[in-house]
Amino acid sequence: MASTTRLPDETPAPAAAGGTGPAAQRRPAPAKRDALLDNAKFLLIVLVVVGHAIEPTTETRIAEAVYFWVYLFHMPAFVLISGYLSKSQDGSGRRIDKLLTTVAAPYLIFWGVYALQSLSVDRKLPDGPLEPLWLTWFLAALFVWRLTVPLWKRIRYPMAVAVAVSLAGGLVATGDILGMSRIVSLLPFFVAGLLMEQRHLDLLTSGWVRAWSAGVLVVTAAMSYLYLEQLSREWIYWRESLADRDMELLPVGIPGRILFMALAFSLTIAVLSLTPRAKTWFTRYGALTMYAFLLHGLVIRIAEGFGYYDWANGTLGGLGAFAATGLLGLGLTFVLMSAWMRKATGWLVEPKLDWVLRRDREERPTPALPLPGGR
């Protein structure tokens with residue numbers, strides 16, 4: 001199966017060239033993919049898979065520092081790119097259909113898959129499907145964020161509002177429904193992606209930005225080793241509010257939240273600046289990230305259930321298990337995006353919902369309501 005599944009992309013396609021009739025006007029031409037974004041998505045999905053794979057092997061300081069550094073930015077960067085690719089979400093029937101088929105349906109399917117795996121090893125489950133199970137939180141968040149796109153297009157100062165909502169969300173207990181804490185906490189990154197334009201991406205190619213970006217990567221990596229890895233991982237997971245953590249708002253809570261948001265933004269900009277802009281040997285994998293994202297957790301949990309991590313840590317030692325597992329995670333990323341894997345699992349990752357969705361999905365004009373007084 002020649003699939004092009006990726007972290008769902010709502011970027012509008014340009015109008016078809018040639019033809020002037022209604023059929024030609026309705027038929028979109030294939031959208032030209034952005035090599036920079038595909039390259040970035042591939043590099044980030046590698047970090048996602050490797051990050052989850054090495055988590056049980058982070059007993060040594062260097063392993064913990066690498067893990068902490070990766071988690072500083074890999075999901076915020078994915079959220080920002082998702083926002084950039086969601087610009088065309090306008091609440092139309094066609095866009096809602098796509099949201100249901102590429103986000104909502106995979107969420108429910110893989111919530112069930114991970115629930116069955118958890119039950120097989122007596123792992124505690126959430127109370128129901130409205131509470132995301134492990135990595136499915138991202139699909140739940142993406143569903144909510146994309147529903148709100150028309151709202152952010154209407155607000156005068158969307159970035160300021162998004163940051164205010166994120167900081168305010170840290171003050172209250174958000175609960176587990178839809179992973180609301182992450183939805184609120186990471187909202188500024190999604191809105192920043194919505195606001196980002198091609199000229200901003202072009203600015204990232206300037207020499208001084210790339211020099212600054214290299215410095216950011218080096219400095220934050222050193223900080224992670226020297227200091228940040230000693231902090232709670234909840235700062236980088238974004239899954240609990242300050243209230244959920246019983247943390248004082250001052251002098252640590254709010255400043256800490258602002259600090260980690262600034263670090264995540266800085267590292268996201270740095271990664272985008274240093275990512276190749278031309279097509280490379282791995283560019284094509286940027287269109288296949290959904291497979292690696294949804295499937296890798298199952299492989300990791302099965303490996304954990306069969307005692308791989310106990311064996312690796314006991315046989316290879318802390319650093320050996322960390323290095324070997326990182327390499328295995330890299331290889332796993334490619335396996336999960338391979339043609340045969342897509343053919344075997346496409347019915348789960350890319351479910352067909354024509355039997356659920358209405359057949360009359362063409363947009364029709366909404367009848368105008370009569371004005372008061374019969375006007």
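The structure is a predicted model, in which local features need pLDDT of at least 70 and side-chain atom pairs count only at pLDDT 80 or more, while totals for chains, interfaces and linings use all residues. Residues are numbered from 1 along each chain as its sequence is written, and side-chain values use heavy atoms, with hydrogens and water left out.

The unreviewed UniProt entry lists several spans as "transmembrane region", among them residues 35–54, 208–228 and 254–273; such positions are given in the numbering used here, feature names are shortened, and the annotations may be inferred rather than shown by experiment. In the model, residues 35–54 are 100% helix and 0% strand, with the end C-alpha atoms 28 Å apart, whereas residues 208–228 are 90% helix and 0% strand, with the end C-alpha atoms 27 Å apart. Helices (H or I, at least four residues) and strands (E, at least two) are DSSP runs, numbered from the N terminus.

Helix α7, comprising the 12 residues 158–169, reaches 16 Å from its first C-alpha to its last, close to the 16 Å expected at 1.5 Å a residue, the expected span being 1.5 Å times one less than the number of residues. Its buried residues are Pro158, Ala162, Ser166, Leu167 and Gly169. These residues cover an arc of only 165° around the axis, which puts them on the same side of α7; the arc is that of the directions from the helix axis to the C-beta atoms. Buried here means under 20% relative accessible area, exposed over 50%, and partly exposed in between (1.4 Å probe, protein chains only). The buried residues of α7 pack against α6 (149–154), α8 (180–185), α9 (187–195) and α13 (249–274), contact meaning heavy atoms within 4.5 Å.

The structure holds 7 salt bridges, each defined as a side-chain nitrogen of Lys or Arg within 4 Å of a carboxyl oxygen of Asp or Glu. One of them joins Lys41 to Asp38, with the closest N and O atoms 3.8 Å apart; both residues lie in helix α2 (residues 35–54), 3 residues apart, about one turn of the helix, and both are buried. Arg277 pairs with Asp202 at 3.2 Å between the closest N and O atoms. Because Arg277 lies in the loop between α13 and α14 (289–305) and Asp202 in helix α10 (residues 198–203), this pair ties together parts that are 75 residues apart in sequence. Arg239 and Glu234 also form a salt bridge (2.8 Å, N to O), in which Arg239 is partly exposed, with a relative accessible area of 42%, whereas Glu234, at 13%, counts as buried. Finally, a network of salt bridges links Glu55, Glu64 and Arg233.
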